Amino acid sequence: MHTKRKLAAMIGAGVAPVLVLAMPGPASAHGYVNSPPSRQAQCAQGTVDCGQIKWEPQSVEGPKGLKSCSGGNQQFKELDDDSKGWKVTPVGKSASFNWKLTARHATSTWEYFVGGQKVASFDDGGKRPGETVSHQVDFGGHSGKQKVLAVWNIADTANAFYACVDVNIGG
Ligand SMILES: [Cu+2]
């Protein structure tokens, strides 16, 4: 469904699909947290009404080191809006975060932040991940409603992928 729509959008934009599909590397596709549902996953699922991001939840890419849900992308700015009615997932003192990857980029690290503080980091040492990646993240002393920023740092580019996940720890 998603691929079909995307293809239709590309044809509509006058871009030859063959060329787009043949484009290598970081420009083609990437990844996002789909469970618990991240903000962009909620956009893609229609849980929340969104713009362009709903067609490409895997595309929140920006320079490494950012702390924003949109990865600094103007066209995805609504991801930074805390008042948009994002669904909050109840979790325990730790939770499993699952990424869906549409391109398996060589990976340096995966990082998780709560309130700007790093709560977990996983070092892949440049390995290429599978199509899905799962991390068990311990929230430490944090509790209540929190916005978790999940970051996928790519090993061979200056970029990272960002996903914000709204959770209620111990809720
Ligand atoms: Cu990519």
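Tutor: Let's start with a cut-off: a residue is buried at under 20% relative accessible area, exposed at over 50%, and partly exposed in between, using a 1.4 Å probe and protein chains only. The model is predicted, so local features need pLDDT of at least 70 and side-chain atom pairs count only at pLDDT 80 or more, while totals for chains, interfaces and linings use all residues. Residues are numbered from 1 along each chain as its sequence is written, and side-chain values use heavy atoms, with hydrogens and water left out.

Student: What makes C69 and C164 a disulfide?

Tutor: A disulfide is a pair of cysteine sulfur atoms within 2.5 Å. The sulfur atoms of C69 and C164 are 2.1 Å apart, so the pair meets that rule. The torsion about their S-S bond is about -80 degrees, which means the disulfide is left-handed. The link spans distant parts of the chain: C69 lies in the loop between β2 (61-63) and β3 (89-91), C164 in strand β9, 95 residues apart.

Student: How many disulfides does the rule give?

Tutor: Two. The other one joins C43 to C50, with 2.1 Å from S to S. This link is left-handed too, with -70 degrees about the S-S bond, and both C43 and C50 are buried. Counting bonded cysteines along the chain, the pattern is 1-2, 3-4.

Student: How do you know which partner strand runs antiparallel to β5 over seven bridges?

Tutor: Strands are DSSP runs of E with at least two residues, numbered from the N terminus, and two strands pair if DSSP finds at least two bridges between them. Seven bridges join β5 to β8, so the two are paired. Within that pairing, F113 has L149 of β8 as its bridge partner. β5 and β6 make a hairpin with two residues between them, and G115 in the turn has a positive phi of about 55 degrees.

Student: Why is β5 largely enclosed by the rest of the structure?

Tutor: Seven of its eight residues are buried, so β5 is largely enclosed.

Student: What makes a nonpolar core, and which residues touch the most other members of the largest one?

Tutor: A core is a set of buried Ala, Val, Leu, Ile, Met, Phe, Trp, Tyr and Cys residues joined through side-chain atoms within 4.5 Å. The largest has 22 residues, and F97, W99, Y112, F139 and V148 touch the most other members. β4 (94-101), β5 (107-114), β7 (132-138), β8 (144-154) and β9 (159-169) each supply at least two residues, with β9 giving the most, five. A second, separate core of 15 residues includes C50, I53, W86 and V151.

Student: How do you know where the confidence is under 50?

Tutor: pLDDT is the predictor's confidence in each residue, from 0 to 100. Over residues 1-28, pLDDT stays under 50. For this stretch the model has 19 contacts beyond four places in sequence, a contact being heavy atoms within 4.5 Å. The protein chain averages a pLDDT of 88, and 83% of the residues score at least 70.

Notes
Helices (H or I, at least four residues) and strands (E, at least two) are DSSP runs, numbered from the N terminus.
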